Amino acid sequence: MNVYEIITNQIISNLEKGVILWKKPFTSAMPKNYITEKDYKGINCLLLSFSQFSNPYFLTFKQIRDLGGSIKKGEKGFMVIFYKLLKDETDDKKTFPMLKYYYVWNWEQTTGIKEKTIENKNNNPISECEKVIDNLKDKPVINHGLKACYIPSEDTIKIPDLKYFDSESSYYSVLFHELTHWTGHEKRLNRDSIKTIAFGSECYSKEELTAELGASFLCSHTGILQQTLTNSTAYIQNWLQVLKNDNRFIIHASSLAQKAVDFILGDTQDE
């Protein structure tokens, strides 16, 4: 029995013990307005969450100017949309919504404006985990952002800064999860499950299982598995519910995860 099988069996054993609560391993930082402290909602929240900034605060041009700040040279704003109710010219009692927009800039794009305190941890890089990234021949593009995700269309990984995570090990567990997704791109292992698939579908769920198992294998390789195993098991448990708690999916995903980790570590094995 190889190390991949040992870890997979350990996760299955933990799953059989009952429900485990998953805990988000980094500080929740919804995009919000610097002045009002209000969170952006709907599509605006989604658009701003995928920006390349770790700081959650955004400002309008007027707010930047009123605070005595300025926008860094070459920085472009982000469009924010809203609906304004206008009166019907033919009937004062009737109104209709009109879509309008304005631009906002992240605090990191400005100068002369005081940084607002954000909860962060005094985390430090783990050398063994950094080696995994450094030794990759095909270096992934890793940008900091408000969310942790892999974007296939851009072939980039986004992840919050290390200082926003509960611990160093939780940061690398999430990074390894996204790195496993990254291996599925058509330029690498070409997994069908990494392509445009509906969220929550069976195919999507299998890809999430693959990514989390890949993360567990890499955590074992770098010596941080025991710090991350409980939360990984809980995450896998959530996706198994979509697959009607059929542990056979774990075995298949484990095989895909092994290939992904072998690709990352540069190992080759017979089919």
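This is a predicted model: local features need pLDDT of at least 70, side-chain atom pairs count only at pLDDT 80 or more; totals for chains, interfaces and linings use all residues.

Trainee: Okay, is Asp155 buried or exposed?

Mentor: Asp155 counts as buried, because its relative accessibility is 10% and the cut-off for buried is under 20%.

Trainee: And what's its phi?

Mentor: Phi of Asp155 is near 55°, so a positive value in a residue other than glycine. Glu37 also isn't a glycine, and it has a positive phi of about 70°.

Trainee: Where does Glu37 sit?

Mentor: In the loop between β1 (32-33) and α2. Glu37 is partly exposed, at 36% relative accessibility.

Trainee: Switching topic: which residues make the nonpolar surface patch?

Mentor: Ile43, Leu46, Leu47 and Phe50 make it, and the patch is about 340 Å². Phe50 is in the loop between α2 (42-49) and β2 (57-60).

Trainee: How accessible is Phe50?

Mentor: Phe50 has a relative accessible area of 34%, which puts it in the partly exposed class.

Trainee: What about Asn55, buried or exposed?

Mentor: Buried, with a relative accessible area of 1%. Asn55 lies in the loop between α2 and β2.

Trainee: What does Asn55 touch?

Mentor: Leaving out residues up to four places away in sequence, Asn55 touches Asn106, Trp107, Glu108, Glu115, Ile118, Leu146 and Tyr164.

Trainee: Now the inside. Which residues touch the most other members in the largest nonpolar core?

Mentor: That core has 43 residues, and Phe176, Leu179, Leu209, Leu213 and Ile236 touch the most other members. The elements that give two or more residues to the core are α1 (3-15), α4 (127-134), β9, α5 (168-183), α6 (202-222), α7 (225-242) and α8 (248-265).

Trainee: Which element gives the largest share?

Mentor: α5, with seven residues.

Trainee: Let's zoom in on Ile236. What is it in contact with?

Mentor: Setting aside neighbours within four places in sequence, Ile236 is in contact with Ile11, Leu15, Leu209, Glu212, Leu213 and Ile250.

Note on methods:
Residues are numbered from 1 along each chain as its sequence is written. Side-chain values use heavy atoms; hydrogens and water are left out. Patches are made of residues with over 30% relative accessible area and no salt bridge: like charges are joined within 9 Å, nonpolar side chains (Val, Leu, Ile, Met, Phe, Trp, Tyr) within 5 Å. Accessible areas come from the Shrake-Rupley method with a 1.4 Å probe; for residues, only the protein chains shown count as cover. A salt bridge is a side-chain nitrogen of Lys or Arg within 4 Å of a carboxyl oxygen of Asp or Glu. Helices (H or I, at least four residues) and strands (E, at least two) are DSSP runs, numbered from the N terminus. Buried means under 20% relative accessible area, exposed over 50%, partly exposed in between (1.4 Å probe, protein chains only). Contact means heavy atoms within 4.5 Å. A nonpolar core is a set of buried Ala, Val, Leu, Ile, Met, Phe, Trp, Tyr and Cys residues joined through side-chain atoms within 4.5 Å.
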